[in-house]
Structure formats: structure tokens, C-alpha cells
Amino acid sequence: MTSGETHERPTGLEGEIEQEIADGERGDRPLRRFLRGIRHRIEGRPALRRTYRVAVGVLGGVIAVGGLLLVPLPGPGWLVVFLGLAILGTEFAWAKRLAAFTKRQLARFWAWWRARRAARTADPAA
């Protein structure tokens with residue numbers, strides 16, 4: 001964000017979605033605690049750790065590539081791609097960075113979209 005930009009809190013559906021994402025990322029959620037326990041048990045077994053990483057890589061990769069194949073079709077193609085990246089991000093730092101970058105770019109896009117829509121509403125000739 002540049003010094004001339006202001007950050008508006010999203011309202012309506014957009015705000016609800018942002019809040020749900022923030023709630024889902026909280027570390028104190030029961031499912032996240034359960035998954036951390038499983039991860040802790042896996043970390044103690046090198047062969048299981050390797051198998052787990054391969055399984056996560058294959059599953060996340062298949063989902064991401066499947067999502068890319070769905071992009072030109074009507075439906076949730078990009079959502080499926082982001083799901084694949086999120087799965088890959090649980091084990092691979094590069095995927096986590098890519099997902100974070102994508103999230104930032106999406107937030108920038110929505111801010112631009114809101115500003116453009118507000119400008120059009122204010123000046124219908126634009």
C-alpha cells in the first residue's frame with residue numbers, strides 16, 4: 001500500500017469471508033491442535049516423515065494441476081488451485097510463500113476493484 005492509499009474494512013460478504021479465513025487460521029482450533037499432534041508423531045519417524053512429504057506433494061500437486069485444468073471452465077478452478085497450494089504449503093516453504101504472495105495480490109486486487117467501483121458510482125460518465 002502506498003502512502004496515498006487508505007485501507008477500508010471490507011463489508012458484507014467480502015468481510016464475512018475475510019473473517020472466516022482469519023478464524024480458520026487461528027492456532028487454537030481443535031482440528032489444528034489434532035493435526036499438530038499427528039505431525040508431532042510423524043516427526044519422530046524418519047521413514048514415515050518421508051512418506052508423508054511425498055504423499056502431501058503428490059496430493060497437493062494433483063489438486064493444483066487439476067485446478068489449473070478447470071480454470072477455463074465455469075466453476076471454482078482458481079479455488080481448487082489455491083487449495084492445492086495450501087496443501088503443498090503445509091510441507092513446502094516455497095508453496096507457503098507462493099500462497100502468501102497470492103493472498104496479498106488478491107487483497108490488492110479487491111482494494112483496486114472497490115476503489116474503481118466507488119469511482120464509477122461517483123462519476124457515471126467514467
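This is a predicted model: local features need pLDDT of at least 70, side-chain atom pairs count only at pLDDT 80 or more; totals for chains, interfaces and linings use all residues.

User: Is leucine 85 buried or exposed, and where does it sit?

Analyst: You read burial from relative accessibility, with under 20% counting as buried. Leucine 85 comes out at 10%, so it's buried. Its place is in helix H4, residues 77-89. Setting aside neighbours within four places in sequence, leucine 85 touches Ala95 and Leu98.

User: Which residues make up the largest nonpolar core?

Analyst: The background idea is that nonpolar side chains tend to be buried together in soluble globular proteins. Here the largest core has five residues: Val56, Ile87, Leu88, Phe92 and Ala95. Take isoleucine 87: beyond its neighbours within four places, its contacts are Val56, Leu59, Gly60 and Ile63.

User: And on the surface, which residues form a nonpolar patch?

Analyst: Leu106, Phe109, Trp110, Trp112 and Trp113 do, with about 510 Å² of accessible area together. Leucine 106, in helix H5 (residues 93-122), is partly exposed at 41%. Phenylalanine 109 is partly exposed too, at 37%, and tryptophan 112 has 46%, again partly exposed.

User: How many aromatic pairs are there, and how do I read one?

Analyst: Look at the ring centres and the angle between the planes. The count is six pairs. In phenylalanine 109 and tryptophan 112, the centres are 5.8 Å apart and the planes at 35 degrees, so that pair is tilted. These two are three residues apart in helix H5, so about one helical turn separates them. Phe109, Trp110, Trp112 and Trp113 form one aromatic cluster.

Terms used
Residues are numbered from 1 along each chain as its sequence is written. Side-chain values use heavy atoms; hydrogens and water are left out. Helices (H or I, at least four residues) and strands (E, at least two) are DSSP runs, numbered from the N terminus. Buried means under 20% relative accessible area, exposed over 50%, partly exposed in between (1.4 Å probe, protein chains only). Contact means heavy atoms within 4.5 Å. A nonpolar core is a set of buried Ala, Val, Leu, Ile, Met, Phe, Trp, Tyr and Cys residues joined through side-chain atoms within 4.5 Å. Patches are made of residues with over 30% relative accessible area and no salt bridge: like charges are joined within 9 Å, nonpolar side chains (Val, Leu, Ile, Met, Phe, Trp, Tyr) within 5 Å. Accessible areas come from the Shrake-Rupley method with a 1.4 Å probe; for residues, only the protein chains shown count as cover. A salt bridge is a side-chain nitrogen of Lys or Arg within 4 Å of a carboxyl oxygen of Asp or Glu. Rings of Phe, Tyr and Trp (its six-membered ring) pair if their centres lie within 6.5 Å; planes under 30 degrees apart count as stacked, over 60 as edge-to-face and the rest as tilted.
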